[in-house]
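Please open the structure in a viewer and keep the selection tool at hand.

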Amino acid sequence: MSAVETKLAELGLSLPEVVPPLAAYQPAVQSGPYIYTAGQLPMVDGKLPVTGKVGAEVTAEEAKELARTCALNALAAVKSVAGDLDRIARVVKVVGFVASAPDFTGQPGVLNGASELLGEVLGDKGVHARSAVGVAVLPLDAPVEVEIQVELTQA
């Protein structure tokens, strides 16, 4: 087991299976030393545990937990390409989308769920730049979607 997966286990987490694409794309691709993930929904065992808009049907606290799930799914997608999460030199960028009620402005707090998970699991390698964007709707009426870009160590 890799050091990253050992850390996940210490946190009571494990990598899920890679979420199959919903359309014509790959869960993750590599270009040079970088892996880019597709947007990852908070799927658990092939289903969304919650649907709806944050600030209406979904609370900010629930959405923050869903963002953690998205980040875990993103790490699974990275591993599917890299083969080993210990190859991550650093998380470069996180982009998160929050399906938001019209008056909801707490997108950064929601995306902290993903950012904090990456920091807990990867330490300093998990520190990244980030965008948190409020949107009208996401695929399958998901409340949150997260994509990440990681840089790999030299092979």
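At what angle do helix α1 and helix α3 pack, and how far apart are their axes? The model is a predicted one. Select residues 3-10 for α1 and residues 107-122 for α3: the two helices pack at an angle of about 115°, and their axes are 8 Å apart. Next, display the side chains at the contact, where Val4, Lys7 and Leu8 of α1 meet Glu120, Val121 and Leu122 of α3. By class, this contact of α1 with α3 comprises four nonpolar, no polar and two charged residues.

Turn now to the sheet. It is an open sheet of five strands, ordered β1-β2-β5-β3-β4, and its pairing is mixed. Select residues 28-31 and 129-135 to see the edge strands, β1 and β4, each of which pairs on one side only. On average, neighbouring strands of the sheet are turned by 15° against each other, direction ignored. Strands of a sheet pair through backbone hydrogen bonds, either parallel or antiparallel.

Together β1 and β2 form a hairpin with two residues between them. Select Gly32 in the turn, which has a positive phi of about 60°.

Proceed to β3, residues 88-99, and β5, residues 144-152. How many bridges join them? There are nine, and the strands run antiparallel.

The next stop is the largest pocket, which holds about 150 Å³ of space. Its lining consists of 13 residues, of which Leu22, Tyr25, Gly39, Leu41 and Glu145 are the closest to its centre. By class, the lining has 10 nonpolar, two polar and one charged residues.

Finally, select residues 5-148, which an unreviewed UniProt entry annotates as "domain: Endoribonuclease L-PSP/chorismate mutase-like". Over this stretch the chain is 31% helix and 22% strand, and the end C-alpha atoms are 18 Å apart.

Key: Residues are numbered from 1 along each chain as its sequence is written. This is a predicted model: local features need pLDDT of at least 70, side-chain atom pairs count only at pLDDT 80 or more; totals for chains, interfaces and linings use all residues. Side-chain values use heavy atoms; hydrogens and water are left out. On a 1 Å grid over the protein atoms alone, a cavity is a set of points where a 1.4 Å probe fits but cannot get out, and a pocket is an open set with protein on both sides within 12 Å along at least five of seven lines; lining residues have an atom within 4 Å of a point. Grid points are joined across faces, edges and corners, and a volume is the space filled by probe spheres set on the points. Ala, Val, Leu, Ile, Met, Phe, Trp, Tyr, Cys and Pro count as nonpolar, Asp, Glu, Lys and Arg as charged, and the others, Gly among them, as polar. Axes are lines fitted to C-alpha atoms, for helices over the stretch in contact, and angles run from 0 to 180 degrees between N-to-C directions. Helices (H or I, at least four residues) and strands (E, at least two) are DSSP runs, numbered from the N terminus. Contact means heavy atoms within 4.5 Å. UniProt positions are given in the numbering used here, feature names are shortened, and annotations may be inferred rather than shown by experiment. Two strands pair if DSSP finds at least two bridges between them.
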